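Student: I am new to this structure and would like a close look at a single part. Could you take me slowly through the aromatic pairs, and then through what surrounds them?

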Amino acid sequence: MTRTPEGEAAEGGPAEVEPAEVEPAGVDPALLRTLEAAGLPAGGHYLPTHGWVSRAWVGDDDVVRLSEGRFRDAYRHEAAVVGLLEGTEVPHAPHIAHGDGPDGPWSVSERLPGRTLHAAWPEADLSTRRALIESLGSALRALHQVPVPESLRPPWLADALAGEQWPAYHPPVVSAAPARVEAARRRPDHDARLLADVAAWIQDRMGLFADDRPVLVHGDLHGSNVMVDQGRVTGLIDFAEGSAQAADAELDTLLRWCARSEEFPPTPGGHGLERSTLAEVPRWLHGAYPELFEREHLRERLAVYDLTMEIAIYAHHPEPGPRSTAHGRLTRLLRGQSHLDDVLSQLDGLVE
């Protein structure tokens, strides 16, 4: 998971690190306690790093993460999703152990070769970038063929949908959109006319999802959650949002990353990739995995995914700034203006 400047947040994998920068284990007692709990030796070298809501230590063979605990059972859920990947062709980091300790929830996984796609992208030439995205397309095709329970959903998201407090991060759940409109109406500062229009807009489009077949969807795919090495994907990481959804729901975050890459810095204070360098990503991905783009009414379905996330932010975010931004984006979506317009122009004639 990651957090954008608008305040979306969730559990994250390790931030980018260079293997040459190492420190001996033991400099942080929390690392020692976590290694002991996982049954791992305390020796070796680990580089401390951090994400948006977690700390991490990258060792020679494994990655240790320690969460602040905002997202209930996120590591347990991630371990369950990774368990579904065993024996499949999906490149991923095998899970070693997870648990809860005095320092908070923790997880340990094997370290994958290479760097994040975010780190490798700026210095990669055009042919390497294309090869990386084509490899990502192959990985996603394999992921979407993994058998999955239709009820699979992160516990913290299930809590939110059941009426408990929402975390700042709001993945799209189309069936929950009408309830999010009602939640927004309970805010004293809500825009009644906008919400009436949103409710009608959603109702008119719910039929687009009536025949969906749920598959295993990563749910948070962007440059910091893909590991690459020597022109190929070595693994998808951070499955804390893994869920059973229609395959094209995968495009929600992935294309948002292309369209608004500045909102995806890998760490607080970091910078997203230059948007222009991602312009060809949708076309390359389509070439490698055309089935992902072949859903009837894809453009309209993507607009619904986007609106579903924005209405959740408008209804639940604790800060006025992100709610105001969501209000503006909802207004534009109702006018037929999407943040994906420029991105999807790369696929004119290839998607509906």
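Tutor: What follows begins with the aromatic pairs and then turns to a helix crossing, a helix residue and a loop.

This is a predicted model, in which local features need pLDDT of at least 70 and side-chain atom pairs count only at pLDDT 80 or more, while totals for chains, interfaces and linings use all residues. Residues are numbered from 1 along each chain as its sequence is written, and side-chain values use heavy atoms, with hydrogens and water left out.

A pair of aromatic rings is described by the distance of the centres and the angle of the planes. Searching the whole structure gives two aromatic pairs, where rings of Phe, Tyr and Trp (its six-membered ring) pair if their centres lie within 6.5 Å, and planes under 30 degrees apart count as stacked, over 60 as edge-to-face and the rest as tilted. Phe71 and Trp156 make an edge-to-face pair, with 5.1 Å from centre to centre and 75° between the planes. Phe71 sits in the loop between strand 4 (62-67) and helix 2 (74-85), whereas Trp156 belongs to helix 5 (residues 155-161), so that the pair links distant parts of the chain, 85 residues apart; helices (H or I, at least four residues) and strands (E, at least two) are DSSP runs, numbered from the N terminus. Phe71 and Trp156 are buried, a word that means under 20% relative accessible area, with exposed being over 50% and partly exposed in between (1.4 Å probe, protein chains only).

The rings of Phe209 and Tyr305 have centres 5.6 Å apart and planes at 65°, which is why this pair is edge-to-face. Because Phe209 lies in the loop between helix 7 and strand 8 (215-217) and Tyr305 in helix 10 (residues 298-316), the pair ties together parts that are 96 residues apart in sequence. Phe209 and Tyr305 are both buried.

Helix 7 (residues 192-205) also holds Val198, which counts as buried at 0% relative accessibility. Val198 is in contact (heavy atoms within 4.5 Å) with Val181, Leu307, Ile311 and Leu334, leaving aside its neighbours within four places in sequence.

Elsewhere, the axes of helix 4 (residues 126-143) and helix 9 (residues 281-288) come within 8 Å and cross at roughly 50°. This makes helix 4 oblique to helix 9, given that angles under 35 degrees count as roughly parallel, over 145 as roughly antiparallel, 65 to 115 as roughly perpendicular and the rest as oblique.

In the loop between helix 8 (250-259) and helix 9 one finds Arg260, which counts as buried at 7% relative accessibility. Apart from neighbours within four places in sequence, Arg260 is in contact with Arg275, Glu310, Arg329 and His339. Gly272 is likewise in the loop between helix 8 and helix 9, but Gly272 counts as partly exposed, at 23% relative accessibility. Not counting residues up to four places away in sequence, Gly272 touches His118, Ser261, Glu262, Phe264 and Pro265. Thr267, also found in the loop between helix 8 and helix 9, is buried, with a relative accessible area of 17%. The C-alpha atoms of Thr267 and Gly51 are separated by 5.3 Å, although these residues are 216 residues apart along the chain.

Terms used. Axes fitted to C-alpha atoms, helices over the stretch in contact; angles between N-to-C directions.
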